[in-house]
Amino acid sequence: MQRRIFLNSSMNIDGNTAKLANEVFGELEYTPVNLSQFHINQIGQESEQQRDDFQKVMKQLIMADIIVIGTPVYWSSMSGYLKTFIDRFDDALDAPLAGKRVYLLVQGTEPEDAIPYITNVIRHICRHFHMRYMGLATNSSEALKLHQLIKSLTT
């Protein structure tokens, strides 16, 4: 059975980004991982005395087959939660992420100016860690297409 993770980088765990993820997954089981519920230090702020939850979140991703990353658009960019998490990926160089299928959700009232930047970052991470970037959804019709793709690859 495939393990599906929704990495939600919105401060609103039941907000529009989560609703878009519900449309992507549909009837398929998945586990939400809400970055706002974890304490992840900024890059350079890690220390032995000040441990954070970065590795807890990474373990969830390592166990997944499918990772759907969702972010709202804040100031023409991804959320700070997602940016902080991505900045720490150097801490995960040995993490077995190869082969994971990654989907991206970008949600906001006018995400068009942010989409190229956010997509480029996620594609770069996928290339670097040998994951497979599978596609983007910004609205319900695109979410349905991703749902059909995920479903066809898991049945």
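Biologist: In which loop does His130 lie?

Modeller: In this predicted model, His130 lies in the loop between H4 and S5.

Biologist: What makes the phi of His130 worth a remark?

Modeller: Its value is near 60°, which is positive in a residue other than glycine. Most residues other than glycine have a negative phi.

Biologist: Why is His130 called exposed?

Modeller: The relative accessible area of His130 is 57%, and exposed means over 50%. His130 therefore counts as exposed.

Biologist: Is Trp75 buried or exposed, and how do you know?

Modeller: The relative accessibility of Trp75 is 85%. The cut-off for exposed is over 50%, so Trp75 counts as exposed.

Biologist: How do you know that the span of helix H4 agrees with its number of residues?

Modeller: H4 has 14 residues, 115–128, and at 1.5 Å a residue these should span 20 Å. The end C-alpha atoms of H4 are 20 Å apart, so the two values agree.

Biologist: Which residues of H4 are buried?

Modeller: Ile115, Ile118, Thr119, Val121, Ile122, Ile125 and Cys126 are buried.

Biologist: What puts these residues on the same side of H4?

Modeller: They cover an arc of only 160° around the axis, and therefore sit on the same side of H4. The buried residues of H4 pack against strands S3, S4 and S5 and helix H3. Pro116 and Arg127 are exposed, on the face turned away from the buried side.

Biologist: Why is the pair Glu27 and Lys151 called a salt bridge?

Modeller: Their side chains meet at 2.9 Å, N to O. The limit is within 4 Å, so the pair qualifies. Glu27 lies in the loop between H1 and S2 and Lys151 in helix H5, so the pair ties together parts that are 124 residues apart in sequence.

Biologist: What separates Asp87 and Lys83 in helix H3?

Modeller: Asp87 and Lys83 are four residues apart, and therefore separated by about one helical turn. Their side chains meet in a salt bridge at 2.5 Å, N to O.

Key: Residues numbered from 1 in each chain as written. Predicted model: local features only at pLDDT ≥ 70, side-chain atom pairs only at ≥ 80, totals over all residues. Heavy atoms only, no water. Helix = DSSP H or I, 4+ residues; strand = E, 2+ residues; numbered from the N terminus. Expected span 1.5 Å × (residues − 1). Buried < 20%, exposed > 50% of the residue type's maximum accessible area, 1.4 Å probe, protein only. Arc of directions from axis to C-beta. Contact = heavy atoms within 4.5 Å.
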